[in-house]
Amino acid sequence: MRKRRETLKDTEQEVRVFRNRSLLAALVVVLMTGGLVTRLVYLQVVQHDIYITRSDKNRVRVEPLPPTRGLLLDRNGMLLAENRPTYNLTIVPERVGDLEETLQLLVDILELPEDQVAVFKERSRQRQRPFQPALLMSELNEKQIAQLAINRFRLPGIEVEAQLLRYYPDTDIMSHVVGYVGRINAEELANLDKGDYAGTHFIGKTGVEKEYEAVLHGEAGLRKVETNARGRVLRELGRTDPSPGKDIVLSIDKRLQKLAYQLLDGRRGSIVAIQPKTGEILAMVSSPGFNSNLFVTGISYQDYRGLQNDPDLPLYNRSIRGQYPPASTVKPYVALAGLENGVTTPTKTVYDPGFYKLPGFDRRYHNWLRWGHGRVDMRRAIVVSNDTYFYNLAHDLGIDRLASFMNRFGFGEETSYDVYGAASGLMPSSEWKRERHGQVWFPGETLSVGIGQGYWLATPLQMATAMSVLANRGEWVTPHLAKQIDGEAVKPPKLKEDIELSNEQWWNLVNGALEDVMTGSEGTARRSGQNLAYRMAGKSGTAQVFTLSNDERYNAAELEERLHDHALFTAFAPIEDPKIALAVIIENAGGGSSHAAPLARQLLDAWLLPHDESLEAAAEATEEHEIHETE
Amino acid sequence: MKPNESALLQASRGRAMKRRRSVWERIHIDPWLLGLLLVLLVSGLVVLYSASGQNLAVVEGQMMRFGVALSAMVILAQLSPTTLYRWSLPLYLAGLAMLIAVEIMGDIGMGAQRWLVIPGVVRFQPSELMKLAMPMMIAAYLHRRPLPPGLKDILVCGIILAVPVVLIAKQPDLGTSLLVASAAIFVLLMAGLSWRLIGFLALLAAAALPLLWLNMHTYQRQRVLTFLNPESDPLGAGWNIIQSTTAIGSGGISGKGWTQGTQSQLEFLPERHTDFIVAVLGEEFGLIGMLLILILYLMIVMRGLIIANRAQDTYGRLVAGSITLTFFIYLFVNVGMVSGILPVVGVPLPLVSFGGTSSVTLLAGFGILMSIHSHRRLLPR
């Protein structure tokens with residue numbers, strides 16, 4: 001109807017409509033503003049606490065302050081593991097203009113392979129919040145640092161950060177005993193105190209580094225800082241300083257260790273030397289060693305495969321994991337077992353025709369000397385290392401009395417204090433065989449055990465430990481590596497009871513026989529015992545790797561190298577006041593008296609003779625060698 | 001104008017007006033509006049100083065712009081509504097031409113094609129001109145027609161509205177296109193568009209929403225999705241809204257104090273001195289500061305509605321009403337998006353956010369209001 005009046009404008013009505021609409025608009029405006037106010041009240045009053053926490057979480061960052069790892073020193077204060085500053089490359093993608101271009105530029109500047117761009121790109125994403133730096137690369141070398149410094153203006157958002165990294169100066173020689181640190185893996189992370197390790201990237205993986213992880217690591221500190229959104233620290237709000245890890249002085253003598261390593265000369269083997277009075281391990285060498293520095297930042301796949309596939313097994317710690325038949329080195333202990341159990345006397349003799357036969361059996365158990373040693377008593381049996389005497393003695397003892405007496409010298413048990421991963425070896429008994437193999441013990445098996453063969457397995461550390469106990473005339477010492485922690489002497493508890501014999505004189509008998517091994521006219525190691533300036537006790541051993549059939553003869557020339565006998569030698573000196581006991585084993589080298597004994601003699605000379613300069617010579621020689629390598 | 005209405009207006013104004021008339025009306029300035037605007041501008045500068053990280057250069061730059069904008073306001077206030085009425089069509093056509101020019105050869109800034117550059121002279125956003133030209137054009141069209149508008153008029157207005165809005169939306173500048181569209185729609189609503197038609201058009205708009213969604217840019221869709229669930233992408237698209245609500249919420253009732261807002265000062269709040277400046281206000285001055293600024297805005301809006309109601313002709317009423325309500329929409333959309341109840345569209349806080357063009361447009365709009373208010377004809381035409 002209104003439309004009919006077309007061209008006529010009804011101004012009065014228009015004004016009225018406009019006024020109504022204005023009032024309505026004003027009402028709507030007030031209501032909408034009320035909506036905004038409601039929202040603001042909700043945010044600023046109702047949820048204020050949530051948002052104030054959120055804004056504090058934004059600006060306040062708790063930064064862990066990782067502690068400095070404790071140093072490892074040898075007994076003379078020489079560095080075995082230190083912390084060196086290295087340089088890492090980091091990126092803050094927010095500050096980078098064109099990420100792709102910058103990464104390409106980096107790869108060109110650092111002269112890296114092209115495919116590194118993709119790796120960098122992936123790594124630049126690995127972080128928790130914006131403006132946090134992501135790690136692109138660690139261990140920049142000096143040339144790379146210089147190149148980055150020159151091109152700094154072209155690389156906004158790229159930083160070079162300093163970090164302390166573990167370094168092992170004498171890595172190959174010390175690799176097994178010291179061990180190494182590596183990046184913390186997921187499994188380790190799950191079992192760690194997250195707070196203490198928040199800023200730590202590395203953890204001890206093997207050796208002393210692993211055993212004393214808790215001591216070496218120290219306690220992390222933290223600081224609360226206020227940061228802006230770019231992650232730049234504006235001020236410190238609070239701080240707890242970290243307490244650095246404790247330094248550990250090891251009982252190892254780096255010079256002796258070096259000399260031992262040199263004497264092994266790359267052959268597969270191990271040397272363990274112990275101070276009998278204290279149980280301090282003076283040297284613990286496994287050869288060949290490896291470069292443990294490779295493991296610190298993460299070993300490359302190729303390097304790791306190379307070590308894994310090396311037939312000489314450089315990663316294998318022979319000193320504590322290598323389980324060898326102790327062979328004839330055990331004869332002094334077996335002799336004492338016979339005396340203590342009353343099955344023989346020092347003067348009782350056995351006739352040796354070159355073999356032994358169990359009563360009622362035809363099988364011959366051969367002496368190492370085909371034609372026999374004739375009539376032998378205990379002393380001569382030890383000196384000439386007669387097998388027939390000990391077959392007979394072992395048979396009279398029986399396996400269980402033998403085994404339990406050998407346990408007292410630490411065989412078949414792990415008796416060390418702080419040697420990470422030490423194996424327990426194997427001291428067989430009839431009970432063990434029943435449990436392990438479900439079979440009864442055969443008397444013939446006792447005979448092999450009587451000369452340190454058969455099921456009997458021992459680590460070089462165990463052989464050296466037993467030799468220390470013998471040197472101490474039964475007084476037990478616990479072998480250990482840490483001498484001082486943070487200036488305090490380490491006093492390991494006695495883990496086994498002292499051995500007290502019914503007759504003290506028997507120690508003299510056995511130790512005297514061991515001296516005759518070196519100096520007697522029939523002594524197996526008499527060639528290594530010439531011109532001794534001190535009284536040395538020694539016992540050779542030759543461990544069969546390959547079991548000969550009954551009447552076969554061992555012929556080194558016909559056998560593959562890997563089937564050759566292991567050469568063993570255990571010794572201590574001086575007899576009246578033992579200062580060092582040691583075990584030498586060289587895999588597949590042949591007879592112990594001819595191959596292992598000379599090494600033992602040289603080490604004892606070096607350790608005991610004041611005018612002997614081979615320790616210093618060894619130390620210097622290696623250093624020269626190192627210098628050549630770095631050039 | 002009818003004599004009885006004129007008498008009514010005179011009576012409502014009373015004697016006080018008569019005394020001041022000589023001063024303010026001669027210079028064509030509305031003292032109420034000017035006073036409220038100046039309070040808002042000064043408050044805005046105080047907040048901006050903090051929001052820019054205590055950067056005086058930014059504040060000085062803003063003051064320069066305000067100077068230009070206030071000049072534009074004063075100059076426009078001197079023009080008579082009749083002149084503005086005559087300019088409506090040419091201005092609209094010029095704006096349209098420039099929008100087409102931008103579409104063809106515009107400068108790309110901040111990822112969108114919005115700027116028209118006359119090299120060495122000026123960089124100019126034609127869409128800003130449209131914010132004023134649009135309500136003027138529609139009001140001018142309706143001026144001589146019987147109101148409320150009939151269906152044919154609405155169709156014509158729809159076309160006048162749609163062409164520039166689509167062009168602006170294509171730039172893409174969703175915020176401005178919404179503001180321009182709402183300016184036109186407010187003219188129609190204030191003109192007395194019948195409720196049945198409003199309901200029908202609202203249904204039509206709702207039906208068109210899926211179509212709008214399909215024509216949105218990916219980043220625009222992302223903004224809507226982020227609005228619905230900001231935590232879905234806390235470091236990316238959700239970052240802005242999480243940080244701005246955190247800033248406002250952590251301000252509490254009385255705020256953290258001027259220049260003491262950690263969210264703002266430590267740069268967690270993005271675009272803190274432009275689109276998100278109200279979060280700085282909320283963080284540093286708290287709920288009290290927010291309420292005060294909202295009241296200030298409301299007073300400006302109310303003054304604008306009063307001016308519109310006192311206008312002497314259809315054109316003046318409609319233009320003044322639309323400009324006032326669009327100003328409120330600015331405020332509502334900006335505060336709504338920063339406080340997380342609306343999706344993020346690029347709408348600044350009027351007269352407070354750093355940036356020149358929008359201040360000039362807004363104050364020019366208030367200049368038009370003052371022109372309408374102060375050029376009173378003694379005799380109705």
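## Basis

This is a predicted model, in which local features need pLDDT of at least 70, side-chain atom pairs count only at pLDDT 80 or more, and totals for chains, interfaces and linings use all residues. Residues are numbered from 1 along each chain as its sequence is written, while chains are lettered from A and ligands numbered from 1 in the order in which they are written.

## Strand S23 of chain A

Strand S23 of chain A covers residues 580-586; helices (H or I, at least four residues) and strands (E, at least two) are DSSP runs, numbered from the N terminus. Seven of the seven residues of S23(A) are buried, meaning that 20 or more other C-beta atoms lie within 10 Å of a residue's own, with 12 or fewer counting as exposed, values in between as partly exposed, and C-beta atoms placed from the backbone.

In a regular strand the side chains alternate between the two faces of the sheet. From S23(A), Ile580(A), Leu582(A), Val584(A) and Ile586(A) point one way, and Ala581(A), Ala583(A) and Ile585(A) point the other way.

## Partners of S23

Two strands pair if DSSP finds at least two bridges between them. Strand S13 of chain A (residues 269-275) is antiparallel to S23(A), with six bridges; here Val272(A) has Ala583(A) as its bridge partner.

Strand S22 of chain A (residues 566-573) also runs antiparallel to S23(A), joined by seven bridges. Phe569(A) is opposite Val584(A).

## Chain B

Chain B has 14 helices and three strands. Of its 381 residues, 47% are buried. Among its contacts with a separation of 6 or more, 71% are between residues 24 or more positions apart; a contact means that two C-beta atoms, placed from the backbone, lie within 7 Å.

An unreviewed UniProt entry lists several spans of chain B as "transmembrane region", including 285-306 and 318-345; such annotations may be inferred rather than shown by experiment, feature names are shortened, and positions follow the numbering used here. Residues 285-306 of chain B are 100% helix and 0% strand, with end C-alpha atoms 30 Å apart. Residues 318-345 of chain B are 75% helix and 0% strand, and their end C-alpha atoms lie 27 Å apart.

## Where the chains touch

Chain A brings 41 residues to the contact and chain B brings 46 residues. On the chain A side, helix H1 (11-46) and helix H2 (48-59) each supply at least two residues, and H1(A) gives the most, with 22 residues.

The side of chain A that touches chain B has 19 nonpolar, 10 polar and 12 charged residues. Ala, Val, Leu, Ile, Met, Phe, Trp, Tyr, Cys and Pro count as nonpolar, Asp, Glu, Lys and Arg as charged, and the others, Gly among them, as polar.
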